[in-house]
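Visitor: I would like a walk through this structure, please. Could you show it to me and then take my questions?

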Amino acid sequence: MLFCSIEFIFLFLPVFLLIYYGLPRKYSNIVLFAGSLFFYWYGERKYFILILVSLAIHYALTRFSYGRSVRVRRACLALMLLYGFGTLFLFKYLGFFADNWNALAGHAAAAGAGRLPRLNVPQLTLPLGISFYTFQIASYAIDVYRGGIEPEKKFINLGAYLTMFPQLIAGPIVLYRQVAGSLDKRKLSAAHLENGLKTFIIGLSMKMLLANPFGSLWNQVLTWGVDSVSVPVAWLGVLAYTFQIYFDFSGYSVMAMGLGEMLGFKIPRNFRHPYISCSVTEFWRRWHITLSSWFRDYIYIPLGGSRRGKGRMVLNMFIVWGLTGFWHGASWNFVIWGLYYFVILTVEKLFLSRLLDKSKVLGWIWTFFLVSVGWAIFAIDDSHILLAYLHRMFGCLGQAQAWMPRNGIFTQVMKDYGVYFILGFFFSIPFPLRIYNENKKKPVMILALAVLFGLCVYKLATAASNPFLYFRFYKGQR
């Protein structure tokens, strides 16, 4: 069940909120847990049991190990991490490693280097949201082990935290310590409901009215084929994907924030206008903030961060960005994408940071250009198509004919999507949000939100397909 669906907006959410607000406050966590389980079961019936098993294991072992010796706590943590990441590996990465091993075995046999055993593994569908809820419950287990928090005593409370439907499927990654107080006591009011609904409409509009049109253009460019488009159209395609992925994922996160406020929780902000960044380092402080923070707090800093010299810092960054790329999907383009950022960020930290600080304009051009190229690598998982597309973007710079419009495509693209590019740039800067915050209680802003909601509902009713882009990386078949 998607947030941007008729069934969620007009069936699940109203019924859930009616029960949630109608029953006494002492039942809020039970309603949230039960409603979230239904929400997840509706979209993931095949592997529904996995999230319950994960919840039970982490509840039992954190409770058992708390206050015991370091040896016992370490053993319990190891068991929890082994289960969580072992399950994630089984469903998300085992097929990738098996396919690559079998390809290597085929090359070895063809080269006369002997026969290597082939691996036969079943075709597994990736359970919905497993990447997010695995990281979320792992952070809880690690924080309990470190002594930063006490284990949750109530199974229902921990279940409500892990399965909370606003952020269960695609984040943001919410840490237990960020919502622990609200699990015990939270304030529900008409003001929270109203503000949350307004925020939800803004996120829904980002998805339906901006991300989807950009996605249509990107799909059109791929359908036309690399050989059929000019260099400018290839760049427009990448620019379209650059805005699509931002408004899609940021829109989802904003909807999650709005839903969280309706339920009395403060869901952390996941994006802070990343496309105004003047360095790639700054970009990653603004993009998918909760994921970057997770890797920083649970991987980079425990490895030593930058405290043990530049050589160790570079190694730690290599590990973190290799894992970051691989986390997004079991495909080589994601690994390349992660290492692409490792190289850029290393160069910035060691050589370019002072230069970029001196010129904001130069820094923005550098950042937006490299981020856009990175999205091309991220988006295309077929290596042959990716190389051809990059060649179209860069390899034809000296060929005048490659820049010439073909079949009227460039003119048609600008006619159909030119206004969306203007809107994309405008709504990716802080100004619109500032105007909204200053006027959100005024009748004219309420009317504007009502119009946006009506447009979104119309788009929902007429759209043949309306998936969230990021679901591609967290659910699907290999």
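Guide: Gladly, and one term comes before the rest: buried means under 20% relative accessible area, exposed means over 50%, and partly exposed lies in between (1.4 Å probe, protein chains only). This is a predicted model, in which local features need pLDDT of at least 70 and side-chain atom pairs count only at pLDDT 80 or more, while totals for chains, interfaces and linings use all residues. Residues are numbered from 1 along each chain as its sequence is written, and side-chain values use heavy atoms, with hydrogens and water left out.

Visitor: Is Ser-372 buried or exposed?
Guide: Ser-372 sits in helix α14 (residues 360-379); helices (H or I, at least four residues) and strands (E, at least two) are DSSP runs, numbered from the N terminus. Setting aside residues up to four places away in sequence, Ser-372 touches Val-238 and Thr-242, where contact means heavy atoms within 4.5 Å. Because its relative accessibility is 5%, Ser-372 counts as buried.

Visitor: What is Trp-375 in contact with, leaving aside its neighbours within four places in sequence?
Guide: Trp-375 is among the residues with the most contacts inside the largest nonpolar core. Leaving aside neighbours within four places in sequence, its partners are Tyr-241, Thr-242, Ile-245, Tyr-275, Phe-283, Trp-287 and Trp-337.

Visitor: At what angle do the axes of α2 and α3 cross?
Guide: Axes are lines fitted to C-alpha atoms, for helices over the stretch in contact, and angles run from 0 to 180 degrees between N-to-C directions. In this pair, Phe-33, Leu-37, Tyr-40 and Trp-41 of α2 meet Phe-48, Ile-51, Leu-52 and Leu-55 of α3. The axes of α2 (residues 28-43) and α3 (residues 48-65) come within 9 Å, and the crossing angle is roughly 140 degrees.

Visitor: How many disulfides are there?
Guide: A disulfide is a pair of cysteine sulfur atoms within 2.5 Å. Cys-456 is buried, with a relative accessible area of 0%. By the sulfur rule, the number of disulfides is zero.

Visitor: And how far from Cys-456 is the nearest cysteine sulfur?
Guide: Cys-456 is in no disulfide. The nearest cysteine sulfur belongs to Cys-4, at 9.4 Å.

Visitor: Where is Ala-211 found?
Guide: Leaving aside neighbours within four places in sequence, Ala-211 is in contact with Met-206, Gln-244, Phe-247 and Asp-248. Its relative accessibility is 1%, so Ala-211 counts as buried. Ala-211 is found in helix α8 (residues 190-224).

Visitor: What is the phi of His-288?
Guide: Most residues other than glycine have a negative phi. His-288 lies in the loop between α10 and α11 (289-300) and is buried, with a relative accessible area of 0%. Although His-288 is not a glycine, its phi is positive, at about 45 degrees.

Visitor: And what is the phi of His-273?
Guide: His-273 is in the loop between α9 and α10 (280-286), and with a relative accessible area of 11% His-273 is buried. This residue, too, is other than glycine, and its phi is positive, near 50 degrees.

How values were computed
Core = buried A, V, L, I, M, F, W, Y, C linked by side-chain atoms within 4.5 Å.
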